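Subject: Structure for you to look at

Hello,

Here is the structure I said I would pass on.

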Amino acid sequence: MEEFFAEPFDWARIRAAADGFRVLQALDDVVNQPDPATHARDLVAGLGATAVLTAAGAHFGATPDDHVEVPEAMRLVRELLAARA
């Protein structure tokens, strides 16, 4: 996780590029360690995003044989689309 945030993001420029942001983070994610919740919190703070944390889901399809259903993702997409309508 530290590598992801190693270079500072231009949060203002990123926020200006979209109408809104949603973060979906699984608490059992082995990639965003040591604390997936902190990773999500940092994105929420930088993006002004809304976050949904799930207990399970790992890294949501990070490998070709990792087929997960993520109804929370569809809900977040629908929420963003409805906000644009």
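The notes below go from the whole chain to its parts.

This is a predicted model, in which local features need pLDDT of at least 70 and side-chain atom pairs count only at pLDDT 80 or more, while totals for chains, interfaces and linings use all residues. Residues are numbered from 1 along each chain as its sequence is written, and side-chain values use heavy atoms, with hydrogens and water left out.

Overall

The protein has 3 helices and 2 strands; these are DSSP runs numbered from the N terminus, with helices being H or I of at least four residues and strands being E of at least two. Along the sequence, the pattern is α-β-α-β-α. Taken along the principal axes, the C-alpha atoms fill a box of roughly 35 × 35 × 20 Å. Of the 85 residues, 22% are buried (buried is under 20% relative accessible area, exposed is over 50%, and partly exposed is in between, with a 1.4 Å probe and protein chains only). Contact means heavy atoms within 4.5 Å. Among the contacts with a separation of 6 or more, 70% are between residues 24 or more positions apart.

Strands and the helix between them

Strand E1 (residues 22-26) pairs with strand E2 (residues 50-54) in the parallel sense, over 5 bridges; two strands pair if DSSP finds at least two bridges between them. In this pairing, Val23 stands opposite Ala51 in E2. Together, E1, H2 and E2 form a right-handed β-α-β unit. Right-handed here means that, with the strands pointing away from the viewer, the path from the first strand over the helix to the second runs clockwise.

Helix H2 has 12 residues and reaches 17 Å from its first C-alpha to its last, close to the 16 Å expected at 1.5 Å a residue (the expected span is 1.5 Å times one less than the number of residues). Its buried residues are Pro36, Thr38, His39, Ala40, Leu43, Gly46 and Leu47, and they pack against helix H1 (11-16), E1 and E2. Just after H2, Gly48 takes a positive phi of about 70°.

The core

Which residues make up the largest nonpolar core? They are Phe21, Val23, Ala40, Leu43, Leu47 and Ala49. A nonpolar core is a set of buried Ala, Val, Leu, Ile, Met, Phe, Trp, Tyr and Cys residues joined through side-chain atoms within 4.5 Å. Helix H2 (residues 36-47) gives the most to this core, with 3 residues.

Leaving aside neighbours within four places in sequence, Phe21 is in contact with Ile14, Arg15, Leu47, Ala49, Thr50 and Leu80. Leu80 is in helix H3 (residues 71-84) and, not counting residues up to four places away in sequence, touches Gly20, Phe21 and Arg22. Is Leu80 partly exposed or buried? Leu80 counts as partly exposed because its relative accessibility is 26%.

Two spots in the loops

Pro34 is in the loop between E1 and H2, and the peptide bond from Gln33 to Pro34 is cis, with omega near 15°. Ala58 is in the loop between E2 and H3. Ala58 has a positive phi of about 55° although it is not a glycine, and this residue is partly exposed, with a relative accessible area of 28%.

Regards
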